[in-house]
Amino acid sequence: MPSPEREDYLRTQIAHRLGFRAAPVCTCETNSREAGTMRKLIFGMNVTLDGYIAAPGDDLGWSGGEGPDSSPSDELFQWWSDRVAATGLALYGRKLWEAMSPHWPTADQQPGATPAAIEYARRWRDMPKVVFSSTIDKVDWNTRLVTGDAVAEITRLRAGDGGPMDIGGATLAGAAMRAGLIDEYVLVTVPVLVGGGTPFFTALDSWVNLTLVETRTFPGGVVLTRYETRR
């Protein structure tokens, strides 16, 4: 029978293999203010059960949660709309901006627009936005364009005053993730496997420990999980 010291050692090794240990987290802040006084930066998107925010070919037909080419439930759509209303500033990568900007600025004026879509469109227009891109030269709808160093600008914005910031787009969020700038991850997991595409998480140089702060279930088996970064 192993000694108590040996048992403690074995438990420690098992815990390490399962990921249950503290690890350094890259904070990379250039501002010396305490993290608690900074604006919270949140990365939230719909994601497949196997971890992708888009299937191959940027296909998003799975994201409704009730089968291919379906729309999200009314409850889930309202949840996203309420998030837009609560967002102090939204940070977009080019691809996400190009997906959103052709439709939502005038969606409330389209024939047959539902009350929920009208509400979302107006909230989206009113929400301050920043687009990070070196290939487009004009943005509109309460939006500012940044063509320079994205991480430096996100760090500056995060250190300022204001409400929470949302970040969207795999490349932009990945850069912020690697720089240790994301304070909260929100995964709206749809029960579908797509086998490849654009992953929600990027490759990291070190572990990032998270704390689960909320779970919620939506129609169609969609599950929300919200995690805060331990700092």
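Student: Which residues of α4 are called exposed, and what makes them so?
Tutor: Pro115 and Asp126 are exposed, a word kept for over 50% relative accessible area, whereas buried means under 20% and partly exposed lies in between (1.4 Å probe, protein chains only). This is a predicted model, in which local features need pLDDT of at least 70 and side-chain atom pairs count only at pLDDT 80 or more, while totals for chains, interfaces and linings use all residues. Residues are numbered from 1 along each chain as its sequence is written, and side-chain values use heavy atoms, with hydrogens and water left out.

Student: How do you know that the span of helix α4 agrees with its 12 residues?
Tutor: Helices are DSSP runs (H or I, at least four residues) and strands likewise (E, at least two), numbered from the N terminus. The expected span is 1.5 Å times one less than the number of residues, so α4, residues 115-126, should span 16 Å, and its end C-alpha atoms, 17 Å apart, agree with that.

Student: Which residues of α4 are buried, and why are they said to be on the same side?
Tutor: The buried residues are Ala117, Tyr120, Ala121 and Trp124. Because they cover an arc of only 100° around the axis, they are on the same side of α4, the arc being that of the directions from the helix axis to the C-beta atoms. An α-helix has 3.6 residues a turn, so residues three or four places apart point the same way. The cover over these buried residues includes α2 (74-86), β3 (89-93), α3 (94-100) and β4 (129-132).

Student: What makes Trp104 buried or exposed?
Tutor: Its relative accessible area is 13%, and therefore Trp104 counts as buried.

Student: Why is the pair of Trp104 and Tyr120 given the name it has?
Tutor: Rings of Phe, Tyr and Trp (its six-membered ring) pair if their centres lie within 6.5 Å, and planes under 30 degrees apart count as stacked, over 60 as edge-to-face and the rest as tilted. The centres of Trp104 and Tyr120 are 4.5 Å apart and their planes stand at 55°, so the pair is tilted. Trp104 lies in the loop between α3 and α4 and Tyr120 in helix α4, so the pair ties together parts that are 16 residues apart in sequence.

Student: Is Asp166 buried or exposed, and how do you know?
Tutor: Asp166, which is in strand β6 (residues 165-168), has 16% relative accessibility and therefore counts as buried.

Terms used. Contact means heavy atoms within 4.5 Å.
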